[in-house]
Amino acid sequence: MSDVSKHRLMLAIACILAAVYLFPLYWMYVTSLKSGSAMFATPPGLFPVDPQWSVYSYVWESRDMGRYMWNSLVIAAGSVALIVLLGTGCSYVLARYRSRWVDVGLFLILMLQVLPASLLITPIFVGFSQLGLLNTPRTAVIIAIAAKSMPFYVVLVRSTFMSVPMELEEAALVDGNSRVGAFFNIVLPLARNGILVSGILIFMQAFGEFVYSKSMIQNIELQPASVGLNSFMGPNTNEWNNILAFASMYVTPILAIFVLLQRRIVSGLTSGALK
Amino acid sequence: MSNQTDLQIALTAVNKHYGAYHALKNIDLRIAKGSFVALVGPSGCGKSTLLRSMAGLESITSGDLFIAGERMNNVPPRKRDLAMVFQSYALYPHMTVEENLTYSLRIRGVKKAEAKKAAEDVAATTGLSGLMGRYPRELSGGQRQRVAMSRAIIRHPKAFLFDEPLSNLDAALRVHMRKEIRALHDRLGATSVYVTHDQIEAMTMADHVVVMRQGIIEQQGAPLDLYDRPVNRFVAGFIGSPAMNFVPAVAGDDGRSLLLDLGDGQRLALDRPIAAGRPLIAGLRPEHLVIDPTGAGPIRLRVAAVESTGSSSYITTASKPEIVLVTNGRSPVAPGDMITIGIAPQHVHVFDAETEARIEMLTG
């Protein structure tokens, strides 16, 4: 087989796999635009023949989606802020000091990441209720998400810090800066990209978080969109177009961020590996 | 070297431990104001650790470090007022050349206009004037090197510390920068400490060379003193290029000659008496060995290889151990020829085979 046809075959396989992978997303958008009868037609139509755009404004109004989205935003932004504030220093220390205790710490951090949210929620719920944190449920969820996503952030940002040469810091020290000053003046600006990318990834995770929010936020006024979407669905649901319109409005902002920043995210994730 | 008031950096009985590893052992070093000191040795000998201890990037475990008369053992780097040029240059990649140069001034609260003026003055002397707005990634290796130097110069520090600053440059630029750094040192009247593994850099640039091995100072002194009178076999082999030949030997029964162990019992006359009995090592510098055209010299050996650089020829003999000698210009000698080698008695170095220490004069 020649190189050209080999490349074409690989490309074809890649396209098919991408189509399979992205089909549910496509189906979500298409179905949200279908009318009631088109939704249940057999065989189902691959294209919306008569797109019902009004469904979006109807769902936004009737479901009070603005409130859900605001809650999601508050929770995601709060989690990112907390993680960046606490995790950056932690990553720096883990990147710069090597000892047995640092290895132990890193191992524990990685272990935390293995545990699923659905397992952790019970002890967290009990603990938080004893501390009275459940009276401010959004804060409780922010703390829980921060704890859950911190390892991911620390591991990513640590490798970013490790790619900043120690000599730059030493040069700053000799040039007359303190350790703290060198961190803020030299290391942080150089690690900015990695921190930004990790922050965005955490934001997207937290924006879609469900388990903690569902368990800890009873008040519908404070629930994020993920819980709102879930409460939309019942055993006898048949308004799939409305549900998928809700879902579309929910995920489109996240998808947009990802598409816009895709290049930076990929380069940020590999910045440690490449010079 | 000089009296206490002229000392810029002084170390007394300095030790450095990394856990169980003893990196610096009882270092005593006096660096006079205005001198250019080279720390030289093979990798892992502690020369960089010593330099970093002076800068404050490493703490010393015991001993005293004085900079301009003040004890600096536990003073953080920023208060030592030393400037350092790193091997990788360590330019701040997110700052322009000008920002790199003025960084230390800005930290100290120097006014913006003043810092800019200082940067321009330094840049003019180092040939960076047209590059002030560039980022380090947009510069060539040589230009980066100049920025690193300029960043040190701008502060007028108490001393300059160089950590192998030329090892990332190509050979031609290295020879050029060698002269430039030395000229800069002289012009500024600065005190410089220069770490290198290249003995030629050390010999050509420094007033005072410190040879280190495994955390101890083997010998220090003026470059040519080290060349002429190395205190032991290590220093003798380290200083000089190509390296000194070492040949196992014993003292001759007349007490004024060496019997070389080159397979044939060659006898080498000495200008000084030597005690018989102990196993010795004769040190013969390649540039001191001469081919005797009459064939009457003491050492007769077969030639194994001849390498010519045009200006000089390196002849290697087929003996065991092999002997290298350097002759000027082109050599008529070809591999396979028998040659007779001689050396002036005063050029023969003698070391104890066991302690490897230099044997100067021994009677009885």
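**Close-up views of a two-chain predicted model**

B:E164 lies in the loop between β7 and α5 (171-188) of chain B, where helices (H or I, at least four residues) and strands (E, at least two) are DSSP runs numbered from the N terminus. This is a predicted model, in which local features need pLDDT of at least 70 and side-chain atom pairs count only at pLDDT 80 or more, while totals for chains, interfaces and linings use all residues. Residues are numbered from 1 along each chain as its sequence is written, and chains are lettered from A and ligands numbered from 1 in the order in which they are written.

View 1. Although B:E164 is not a glycine, its phi is positive, at about 45 degrees. B:E164 is buried, with 20 other C-beta atoms within 10 Å; a residue counts as buried if 20 or more other C-beta atoms, placed from the backbone, lie within 10 Å of its own, as exposed if 12 or fewer do, and as partly exposed in between. B:H156, also not a glycine, has a positive phi of about 50 degrees and sits in the loop between α4 (141-153) and β7 (159-163) of chain B. B:H156 is exposed, with 11 other C-beta atoms within 10 Å.

**View 2. Cis peptide bonds in chain B.** B:S241 and B:P242 are joined by a cis peptide bond with omega of about -5 degrees, and B:P242 is placed in the loop between α8 (233-238) and β11 (245-251) of chain B. A cis bond also runs from B:K320 to B:P321, with omega near -5 degrees; the loop that holds B:P321 is the one between β17 (312-317) and β18 (324-328) of chain B.

**View 3. An open antiparallel sheet in chain B.** The sheet has 4 strands in the order β2-β1-β4-β5, with antiparallel pairing, two strands being paired if DSSP finds at least two bridges between them. Its edge strands, each pairing on one side only, are β2 (21-32) and β5 (70-71) of chain B. Strand β1 (residues 7-18) of chain B is joined to the antiparallel β2(B) by 8 bridges, and B:L11 stands opposite B:L29 in β2(B).

**View 4. The side of chain A that touches chain B.** In this interface, 14 residues of chain A are in contact with 17 residues of chain B, contact meaning that the C-beta atoms, placed from the backbone, lie within 7 Å. The elements of chain A that give two or more residues to this side are α8 (166-175) and α9 (179-207), and α8(A) gives the most, with 7 residues.

Terms used:
Two residues are in contact if their C-beta atoms, placed from the backbone, lie within 7 Å.
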